[in-house]
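Take a look at the structure below. The walk-through starts with the aromatic rings, then turns to the sheet and the pockets.

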Amino acid sequence: QIFSSNHQQLAKQEAIRLEKDMQSKIDVPIYVTYVPPFWKVRVGDFATYTEAQEFKTNFVQQFPELMGDTYVVRDQVTVKQ
């Protein structure tokens, strides 16, 4: 997860802006969701915690400004066989 906020209108705008910005910079699926009261942006479909953690490490090196908002979360994902 690279973003989560409950500041209603601002959070929605920021989530959508972040999604558009990241689409051209990373090669993993990006998901914007609203689970009241939070807007969230999650990236990737990782089969294991280790895979997700490795991605996170590389991601925050590339985008250090998002370090404080980036962390691994459990969720249902689509894993390619």
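Rings of Phe, Tyr and Trp (its six-membered ring) pair if their centres lie within 6.5 Å; planes under 30 degrees apart count as stacked, over 60 as edge-to-face and the rest as tilted. The structure holds four such aromatic pairs. This is a predicted model: local features need pLDDT of at least 70, side-chain atom pairs count only at pLDDT 80 or more, and totals for chains, interfaces and linings use all residues. Residues are numbered from 1 along each chain as its sequence is written, and side-chain values use heavy atoms, with hydrogens and water left out.

Start at F46 and F55. Their rings form a tilted pair, 5.2 Å centre to centre with 40° between the planes. F46 is partly exposed, at a relative accessible area of 22%. The cut-offs are these: buried means under 20% relative accessible area, exposed over 50%, and partly exposed in between (1.4 Å probe, protein chains only).

F55 also pairs with F59. Here the rings are stacked, 5.8 Å centre to centre and 25° between the planes. Why are F55 and F59 separated by about one helical turn? Because they are four residues apart in helix α2, residues 49–62. Helices (H or I, at least four residues) and strands (E, at least two) are DSSP runs, numbered from the N terminus. F59 counts as buried, at 2% relative accessibility. Ring pairs link F46, F55, F59 and F63 into a cluster.

Now the sheet. Strands of a sheet pair through backbone hydrogen bonds, either parallel or antiparallel. In this work two strands pair if DSSP finds at least two bridges between them. Three strands form an open sheet in the order β1-β3-β2, with antiparallel pairing. β1 (3–5) and β2 (30–35) are the edge strands, each pairing on one side only. Neighbouring strands are turned by 15° against each other on average, direction ignored. For that angle, axes are lines fitted to C-alpha atoms, for helices over the stretch in contact, and angles run from 0 to 180 degrees between N-to-C directions.

Follow β3, residues 38–43. With β2 it pairs over six bridges, and Y34 stands opposite W39. β2 and β3 form a hairpin with two residues between them. With β1, β3 pairs over three bridges, and S4 stands opposite K40. Grid points are joined across faces, edges and corners, and a volume is the space filled by probe spheres set on the points.

The largest pocket has a volume of about 520 Å³. Of its 24 lining residues, G44, F46, V73, D75 and V77 are the closest to its centre. β2, β3 and α2 each give two or more residues to the lining. The largest share, four residues, comes from α2. By class, the lining has 12 nonpolar, seven polar and five charged residues. Ala, Val, Leu, Ile, Met, Phe, Trp, Tyr, Cys and Pro count as nonpolar, Asp, Glu, Lys and Arg as charged, and the others, Gly among them, as polar.

The second largest pocket has a volume of about 200 Å³. D27, V28, P29, G44, D45, F46, T78, V79 and K80 line it.

Note on methods
1 Å grid on protein atoms, 1.4 Å probe; cavity = no way out; pocket = protein on both sides within 12 Å on 5 of 7 lines; lining within 4 Å.
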